[in-house]
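Reader: I would like to know how the words used for a structure follow from its numbers. Could you take me through them one at a time?

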Amino acid sequence: MAKLGNPQNTIEILQKYDFHFQKRFGQNFLIDSHVLEKIVRAAEITKEDFVLEIGPGIGTMTQYLAEAAREVAAVEIDRNLIPVLADTLHGYDNVTVIHNDILKVDTCALARERNGGRPFKVVANLPYYITTPVIMGLFEQKAPIDSITVMVQKEVADRMQAGPGTKDYGALSLTVQYYASASIVANVPPNCFIPRPKVGSAVIRLTRHEKPPVSCEDTEFLFRVIRASFNQRRKTLINGLNNAADIPCTKEQIAGAVEALGLGETVRGETLTLEQFAGLADWLRRQPGG
Ligand code: SAM
């Protein structure tokens with residue numbers, strides 16, 4: 001099978017299978033070998049590695065991953081792509097295609113069965129409509145993940161990296177930074193895909209922290225506080241938290257916590273660091289009813 005990753009071979013395969021792109025699956029296939037090589041390099045894959053690929057499409061990146069890794073599992077939701085993948089990945093004996101929705105895959109079980117429970121790497125050109133749930137799900141499932149190297153919308157990559165006080169800073173930034181260090185590896189223009197997406201893209205690498213950078217008594221409660229603080233961005237932190245149904249504290253308790261942290265009563269959530277959120281969550285949780 002010819003190597004994919006260029007317009008000609010991609011179009012040939014699409015025509016051979018009379019493939020029709022499905023918008024609802026966020027299908028934008030990579031046709032640039034330089035970008036593919038850059039992604040695989042940034043992921044630092046070795047012959048020891050087990051790699052999970054999300055959304056292999058016609059198998060373009062899968063071919064590159066199969067050459068670099070010990071083993072690849074590729075999860076694809078679109079049944080029309082399964083016979084295409086059997087064709088394009090014919091000859092790679094270290095790839096398993098799993099026909100499923102990634103949001104329904106138990107990644108802990110996958111790591112146990114395929115990698116003896118050892119840390120694995122995730123690499124993907126993600127379907128943009130589920131970027132946030134996929135990344136949150138990977139971290140929250142507590143699977144042993146070493147790193148996640150993914151193509152996402154440029155704007156989402158910026159949000160993952162953003163710091164306090166910037167317009168891009170929000171619940172996604174804090175959640176990603178709690179679990180990993182984030183660095184943008186490449187900016188990728190629309191002409192590297194077929195069909196062309198309407199927005200610019202970026203490859204971001206999230207390297208999992210061995211230990212979270214802040215300590216917090218209850219992570220689930222911390223993320224509830226973070227989400228509530230950004231739900232009503234224009235409100236003060238005290239009002240935002242007071243209006244949140246899942247923060248069982250009175251306005252007085254919230255105001256007390258804000259004061260105890262040395263913050264002014266008009267402070268907004270978008271100026272707090274992860275460490276300050278962890279302090280706030282611990283303080284609120286210790287209140288009666290919290
Ligand atoms: N990896 C290929 C490439 O780079 O050319 C395709 C990337 S394309 C942006 C996203 C792929 O994810 C598509 O093949 C799409 O069918 C698949 N996909 C969409 N939603 C999915 C889901 N929930 N679970 C697994 N795959 C999904």
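Reader: Where is Asp-18 found, and what makes it count as exposed?

Author: Asp-18 is in the loop between α1 (7-16) and β1 (29-30); helices (H or I, at least four residues) and strands (E, at least two) are DSSP runs, numbered from the N terminus. Exposed means over 50% relative accessible area, buried under 20%, and partly exposed in between (1.4 Å probe, protein chains only). Asp-18 has 53% relative accessibility, so it counts as exposed. This is a predicted model, in which local features need pLDDT of at least 70, side-chain atom pairs count only at pLDDT 80 or more, and totals for chains, interfaces and linings use all residues. Residues are numbered from 1 along each chain as its sequence is written, and side-chain values use heavy atoms, with hydrogens and water left out.

Reader: Why are α2 and α3 called oblique to each other?

Author: Helix α2 (residues 33-42) and helix α3 (residues 60-68) pack at about 45 degrees, with axes 10 Å apart. Axes are lines fitted to C-alpha atoms, for helices over the stretch in contact, and angles run from 0 to 180 degrees between N-to-C directions. Angles under 35 degrees count as roughly parallel, over 145 as roughly antiparallel, 65 to 115 as roughly perpendicular and the rest as oblique. The two helices are therefore oblique.

Reader: Which residues of α2 and α3 make the contact?

Author: Contact means heavy atoms within 4.5 Å. On α2 the residues are Ser-33, Leu-36, Glu-37, Ile-39 and Val-40, and on α3 they are Thr-60, Met-61, Tyr-64, Leu-65 and Ala-68.

Reader: How do you know that Thr-62 is buried or exposed?

Author: Thr-62, in helix α3, has a relative accessible area of 0%, so it is buried. Leaving aside neighbours within four places in sequence, Thr-62 is in contact with Glu-53, Pro-56, Val-72, Ala-74, Leu-89 and Val-95.

Reader: And what makes Leu-241 buried?

Author: Leu-241 sits in helix α10 (residues 237-242), and its relative accessible area is 0%, so it is buried. Not counting residues up to four places away in sequence, Leu-241 touches Val-225, Ala-228, Ser-229, Ile-247, Ile-254, Leu-280 and Leu-284.

Reader: What makes β4 and β7 the edge strands?

Author: Two strands pair if DSSP finds at least two bridges between them. Seven strands form an open sheet of mixed pairing, in the order β4-β3-β2-β5-β6-β9-β7. In that sheet β4 (95-99) and β7 (180-188) each pair on one side only.

Reader: How do you know that β2 and β5 pair?

Author: Strand β2 (residues 50-54) and strand β5 (residues 120-125) share four bridges, in the parallel sense. One example is Glu-53, whose bridge partner in β5 is Val-123. Helix α5 (residues 107-115) packs on the sheet, touching β2, β3 (71-76), β4 and β5.
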